[in-house]
Amino acid sequence: MLSNIAKPAARKGVAAFLVISFAGTWLWLLFARAVLGLSPLNPLLQLPGFCVPGIAAVVVRRWITKEGFADAGLGLRLKAAWRYYAVAWLGPPLIAACTLVLAAAVGLWEPDLSGPGGTPGTDELVSVLGLMVVALILTPLYAGEEFGWTSYLRPRIFDGRTVPSVIATGFIWAVWHFPLAFIGYVEFPNVVFGLVMWTLSFQLQEIMLMWLYQRSGSVWVASLAHAGNNMVLFLILGEMLNETEGLGAAAPMVLSLVPMAAICLWIVGSRRLTHERRIPEPLVTRQGGETG
């Protein structure tokens, strides 16, 4: 929990972080589309905007609150956290597999089991492995979001209390993405329904990402999982389920909510989220006037 001395600095930092994150990303998306004419699927449009939360966290930590990076989770911790790296890397394809099984069970997808013994073909398996390698390579780029949302913002709202801070972070993270639904990045047949489902998806993802971050102590584990969600989970489901009648682009999202909700219920039900609040001491001492 934040001390009374540190709370004003935290509020100032959070306000500055949110302004920079939202204004920076939304203005860039507007400029990139309206002035530069970039496609919403063009990495030149996506990458600068999606790195803004990380940049905002650096600006706030370094120059606004001057609290530094002691609690940022920047260490790789490969030896101590290797199990969580494995979960972050293997989790997205496993969630995708569970989602596809569910889709087949309810008659929304017909699998092509052309491999030996009625398994997926070699081409499909190689494609999935390729996407997993891509996610591993792109992990530093997704740290642009995780360094902002999970590492910086989440512990600094609602005094770091687990449940309200996770819910608020998931909602803020979702709203930050909303403009993408209006520039062609994703197209929902029903925009309101699509945005609600998207928000629920972000809420569940944030629970899993926070659990990985807390358990590993490294923002890179959460970043790997985030990369896997985008480059493996939703790319696979988008390819397989986007033509599902009636749901369109929302189909992968809606169906994936089921296995993700099951995982989150296990995390929350078994009390695997901790309540620690990691705030570096320099933040408290600077605001108290004890250091120069």
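This is a predicted model: local features need pLDDT of at least 70, side-chain atom pairs count only at pLDDT 80 or more; totals for chains, interfaces and linings use all residues.
**Entry 1: a partly exposed lysine**

I started at Lys66, which is partly exposed with a relative accessible area of 46%. For the cut-offs I use buried for under 20% relative accessible area, exposed for over 50% and partly exposed for in between, with a 1.4 Å probe and protein chains only. Lys66 lies in the loop between H3 and H4. Its phi is positive, about 55°, although Lys66 is not a glycine.

Residues are numbered from 1 along each chain as its sequence is written, and side-chain values use heavy atoms, with hydrogens and water left out.

Phi of Arg77 is near 50°, a positive value in a residue other than glycine. Arg77 is partly exposed, at 43% relative accessible area.

Buried or exposed: what is Ala81? Ala81 is buried, with a relative accessible area of 1%. I found Ala81 in the loop between helix H3 (52-64) and helix H4 (82-105). The C-alpha atoms of Ala81 and Arg215 are separated by 7.9 Å, and the two residues are 134 apart along the chain.

**Entry 2: the whole chain**

I counted 11 helices and zero strands in the protein. Helices here are DSSP runs of H or I with at least four residues, strands are runs of E with at least two, and both are numbered from the N terminus. Of the 292 residues, 49% are buried. I also checked contacts (heavy atoms within 4.5 Å). Among those between residues at least 6 apart in sequence, 78% join residues at least 24 apart. The accessible surface comes to about 14,100 Å², and carbon and sulfur atoms own 68% of that; the areas come from the Shrake-Rupley method with a 1.4 Å probe.

**Entry 3: H1 and its partners**

I took H1 (residues 7-34) with H2 (residues 43-50). Their axes come within 9 Å and cross at roughly 165°. That makes H1 roughly antiparallel to H2. My labels: under 35 degrees is roughly parallel, over 145 roughly antiparallel, 65 to 115 roughly perpendicular and the rest oblique. Axes are lines fitted to C-alpha atoms, for helices over the stretch in contact, and angles run from 0 to 180 degrees between N-to-C directions. From H1, Thr25, Trp28, Leu29, Ala32 and Arg33 make the contact with Leu44, Leu45, Pro48 and Gly49 of H2.

H1 also packs with H7 (residues 162-177), the axes coming within 10 Å and crossing at roughly 25°. H1 is therefore roughly parallel to H7. Here Leu18, Ser21, Phe22, Thr25 and Trp26 in H1 meet Ile172, Val175 and Trp176 in H7.

**Entry 4: H9 with H10**

How do H9 and H10 lie, parallel or oblique to each other? They are oblique: the axes of H9 (residues 219-241) and H10 (residues 250-269) come within 9 Å and cross at roughly 125°. I noted Phe234, Leu237, Gly238 and Leu241 on the H9 side, and Ala251, Pro252, Met253, Leu255, Ser256 and Met260 on the H10 side.
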